[in-house]
Each structure stands twice: as structure tokens, then as C-alpha cells.
Amino acid sequence: YQRRVHGGFLHNSRSLTFQAKAQRQTLIEVELSSNLWRGAVLDQPTSYEDRPQGIDYGATISAPHMHAHALEYLQDHLVDGAHALDVGVGSGYLAACMAQLVGSTGLVVGIDYIPELVSLARDNLRRAHGALLDSGRVVLRVGDGWQGVAEHAPYNAIHVGAAAVVVPDALLAQLAPGGRMIIPVGPDGGDQCLVQIDKDSRGVATRKNLMGVRYVPLVRR
């Protein structure tokens with residue numbers, strides 16, 4: 001943990017404070033305020049290895065360092081009262097992390113096209129953080145991630161956990177002025193890049209390439 005923090009993955013003090021709150025044994029996530037562990041999600045000896053791992057239905061949970069990067073890049077937009085969208089919610093882990101950051105007046109919407117994964121996310125949250133669901137701070141939807149969830153837009157922060165060949169128009173439209181999206185862009189099996197998209201107060205979007213990555217594809221439903 002200390003090696004990765006001091007090695008440059010995380011720089012902002014708010015990230016480090018959140019890590020202590022979230023308590024995960026690798027990087028940013030040991031134990032989400034209670035018992036939502038990566039080990040509980042994966043239930044296997046390799047749970048804490050710093051690499052993506054399968055969670056069935058052709059989906060993966062990202063490597064811990066990629067969760068760290070996502071929260072680092074989005075943290076200034078994951079503030080009290082913010083609305084956030086997690087596309088490809090998977091296990092529900094990152095959605096729960098985001099919900100901790102947006103506070104009791106914020107909202108996190110998680111979407112996945114696989115109903116069984118949405119059920120998995122709901123079960124994980126219910127087991128460890130049922131209040132997030134009961135209060136409406138986390139909302140889970142089955143749907144096409146390319147289309148986002150317009151019902152709760154605009155979003156101050158959007159995280160996309162699968163690679164799109166191009167940035168989906170619907171997600172860009174649902175990004176609030178002043179908001180930020182983090183999305184891997186590129187073809188399945190080809191060169192992919194983690195991209196940061198910022199929208200200014202006039203609604204003009206700018207794009208910044210962050211790093212090379214390898215993600216499963218963002219599937220159209």
C-alpha cells in the first residue's frame with residue numbers, strides 16, 4: 001500500500017484520507033467502512049492481487065490501482081451533493097466508494113447491461129451498506145451503458161469501466177457543465193487509452209489522454 005502511494009499512484013490528501021475511511025488492503029480499498037471487501041466480492045485467494053479479475057458473465061473487477069486512479073482523477077467532482085454515474089457497475093464496489101465521497105446529499109447511479117451483475121452489486125451493497133440503497137444514495141439500473149441514465153442527469157462525475165470505441169454521445173450529453181468523465185477509449189483487443197473529458201461552464205468539452213490501458217469492451221445492449 002505505502003509503496004504504491006509513494007510510488008505516485010495517489011497524490012491528493014483527500015484521496016489518502018478516503019483510503020483510511022474506505023480501508024482496502026490494496027491501495028484505496030481495504031474494507032468499505034464495514035465489510036464490503038474485494039475478498040468478499042471475489043471469494044478467492046487472489047482477491048487482493050493488483051490485477052483485473054473475473055466476476056462471471058464475461059465481466060471483470062478492475063485492478064485495485066485502476067480504482068485508485070479513477071477516484072484520484074474524479075475526486076474534485078465527487079463532492080458533497082454531487083451526482084455521479086458508474087457505467088459498468090459490476091460488483092458495485094466503485095459505486096460504493098463514490099457514494100462515500102458524494103455524502104448523504106449526493107447520488108450515485110450504477111448501470112450494467114447484465115441483470116445478474118446488477119443483482120450482484122445490489123446484494124453486495126445490501127450486505128455491507130444497505131443504507132446506501134435504502135436512502136436512495138445509490139441507484140442501480142439494468143440498461144445500455146452507451147445510453148447512460150438520463151433520468152438522473154446531469155452528472156458531475158462519470159466513470160466508465162469498459163472500453164468504448166468512441167466516446168458515447170449520450171454520456172457526453174449527460175455530463176454536467178464543470179463535470180468530468182473518465183473513460184477508456186479504443187477497440188477491443190487493440191490500443192486503448194484512459195481518457196479524461198472535462199466540460200466547461202459553457203458546455204464545451206476538452207479531452208486529455210491519460211495512459212494506455214486494457215479493458216473489456218463496453219457492450220451495446
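**Disulfides and cysteines.** I searched the whole structure for disulfides (pairs of cysteine sulfur atoms within 2.5 Å) and found zero. This is a predicted model, in which local features need pLDDT of at least 70, side-chain atom pairs count only at pLDDT 80 or more, and totals for chains, interfaces and linings use all residues. Residues are numbered from 1 along each chain as its sequence is written, and side-chain values use heavy atoms, with hydrogens and water left out. I then looked up two cysteines.

**Rings.** I checked for a charge over a ring (NZ of Lys or CZ of Arg within 6 Å of the ring centre and within 35 degrees of the ring normal). Arg220 lies over the face of Trp146, 3.7 Å from the ring centre.

**Pockets.** I looked for pockets: on a 1 Å grid over the protein atoms alone, open sets of points where a 1.4 Å probe fits, with protein on both sides within 12 Å along at least five of seven lines. Lining residues have an atom within 4 Å of a point. A volume is the space filled by probe spheres set on the points, joined across faces, edges and corners.

The largest pocket has about 410 Å³. It is lined by 31 residues, and Ala59, Thr60, Gly88, Asp112 and Gly161 are the closest to its centre.

I noted about 180 Å³ for the second largest pocket. Its lining includes Pro52, Thr60, His65, Arg214 and Tyr215.
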